[in-house]
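Let us walk through this protein step by step. Start with the whole, then move to one pair of neighbours.

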Amino acid sequence: MSRFAAILRKLASSTRSVTISTRLPPTIPKSLKCHIAFASYAKLHASTYASAHIDHLKNQVLDSNVYRCTKMIASYVENHRLGDALNLFDEMSVKDTVVWNLMIKGCLDCGDLDMGMKLFEEMPERNVISCTTMINGLFQYGRVELAEHLFREMPTRDIAAWNAMIHGYFGNKRVEDAVKLFDKMPCRNVISWTSVISGLDQQGRSDEALVLFKQMVGYGVQGTPNTYSCAITACASALALGLGAGIHGHVIKLNYVTDGYIAASMITFYAKCKQIENSCKIFNEKLHKNVAVWTALLTGYGLNLRHGDALKVFADMLKMGVLPNQSSFTSAFNSCCAEEAIDQGKAIHAMAIKLGLETDVFVGNSLIVLYSKCGNITDGATIFEKVAEKNIVSWNAIIVGCAQHGLGMWALTFFNRMMRAGVDPDNITFTGLLSACSHSGILRKGQRLFDYFCHCRSVEVKLEHYACMVDILGRSGKLDEAEKLVKSMPMKANLSVWLALLSSCRMHSNVEVGERAAESIINLDPHCSAAYILLSNLYAFSGRWSDAATVRGKMKKREIVKQPGRSWVSLKGLRHVFLSGDRSHPLSEKIYQKLAWLGEKLKEFGYIPDQRFALHDVEDEQKEAMLAYHSERLAIGFALISTVQGSTITVMKNLRVCGDCHTAIKLMAKIVGREIVLRDSSRFHHFRDGCCSCGDYW
């Protein structure tokens, strides 16, 4: 092994503010509060008591036999006291192979690869376990080449060593190497098969994983619960309903169905195959205390867009005394985001803080998205700063959040920090940055970013990026340049690209370019309602009423239906939806009274309705009436009579807010002395004291 030691040394030398309440929600049962309190207490004091106990034992065993010293070292390593473990190891006069292997593994588990390699090299007699332990450690730290050399130098190799290589290859995304090695194995066991099935599925090759599973069954290899769990997971990824149902039947025969992870895999499988009722049946077969099973059903409801049911599962989970984990919180926050249930999200957030999970990257990322999409980017930024180990998803979440709120300079600042942190951007980063520049009117930096990413190896420039760049140019009034970019694209422009150009033409009343853009859209999709509406509005805004009527006539003839504008407010778990001129709400009378009062106040502030946004050739009085009862105004009227004075009002709208409503809402916010947050199809608008965060640019 001296030759290997030289190789080992050679290769080793060549490498590398917002305050959020932390009170638990009152709905948490007393038993779960005790669990949470105990978890927090144990987290603070476990290491202290363990350390004291270890020190006490050390005095008794320092001069004792190898077995007791080995137990002591194992305790030190388990508590990440590597220095104490090494000191005791050095003081041992007699060391067997077991304690050497334990010490090497301890170094690797505690993050000291160099010391682990040093001990491995100094080890007087190595066995297969020693080499396998080292191989696992080298793969763990990405030293693939060194692990390969060690494997080749091993005088004897057992199945565990082969399995370690296969597992390590998959862990480092060396899929082909793993498959080749599996094919060369002189002897395989169920762990070998399971490793390859799981590895292929995790690398997006689920169909191949299922082929191997069938081969395994054909060879008569009896799978373990873990094997079947991996196979079911692959069926879920491949949406192989027939095979998955067959495995389910086989699992029942083997009596594995009571295994928590098997049950969780089956629940996820049926949920992904859009058979959530079967997921519920599996869940209801027995009373589960396994958090993985509860989280599987919680996530499954989310996958099937039944977010209300998902949040009910989360509440039931707490009542049963099951402590949520990171995945549970992530799924719950995603459902809160989909339901725009910010109050419920805050209550769940408080629980995550109590359990010490707020800084977890997966929980934190979900929180950033939740607060950003529910209108509070400041809280989102606060959470971002608390995330301990940020990944690309963290950076993308905050950059996209800033873009949605029109905070272009914030987005660029976060991008600069991301680059300094050594995180490579991806397509989502690119889209978020361009969108931020578009919503903030940052033309030059937007152009420089586009040029930069066109030459960036980590990003492939796609149609959505060209659509964003066309939008940046178009919003800035450079319509000819935007049209030139569309025609010079290396790929054929799609609807999004042409719609971005047409929308800009509508904004700047450029009929000539707008007509060409509309013609291109209709050629691609003759039933695209957005093209007809934008072109009709462009004509109407330019006073060409006959042309606008012609376009609407074509829509009627071709049976193209315009998507109605609607706005909604989420309050106490219910969504209150309003259409323009809507009188169906139970509180309509009070809403219209409030809007009438606001109308008088608006006149006192000098507000004059901009009749151009009525977009219909009718009398002026009719135009004013049409504008006064747009859906967003009705939603604001409802919020004013239904919420506490001084609280922020948040309204969502499916279409772009019109210019007249934008002007009126600025004054409304000043009149009532409240912040009004409006999210339209383009971005968030924050209205305060007669001003909007968009600076009238949206």
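The protein has an accessible surface of about 33,600 Å², and carbon and sulfur atoms account for 53% of that surface. Such areas come from the Shrake-Rupley method with a 1.4 Å probe, and for residues only the protein chains shown count as cover. This is a predicted model, where local features need pLDDT of at least 70 and side-chain atom pairs count only at pLDDT 80 or more, while totals for chains, interfaces and linings use all residues. Residues are numbered from 1 along each chain as its sequence is written, and side-chain values use heavy atoms, leaving out hydrogens and water.

The protein holds 36 helices and six strands. These are DSSP runs, numbered from the N terminus: helices are H or I with at least four residues, strands are E with at least two.

Now look at one pair of helices. Helix 25 spans residues 427–440, and helix 26 spans residues 443–454. Their axes lie 9 Å apart, at an angle of about 160 degrees. Helix 25 is therefore roughly antiparallel to helix 26 (an angle over 145 degrees, on a scale from 0 to 180 between N-to-C directions, with axes fitted to C-alpha atoms over the stretch in contact).

Which residues meet here? Helix 25 brings Phe430, Leu433, Leu434 and Cys437. Helix 26 brings Lys445, Gly446, Leu449, Phe450 and Phe453. Contact means heavy atoms within 4.5 Å.

Key. Parallel < 35°, antiparallel > 145°, perpendicular 65-115°, else oblique.
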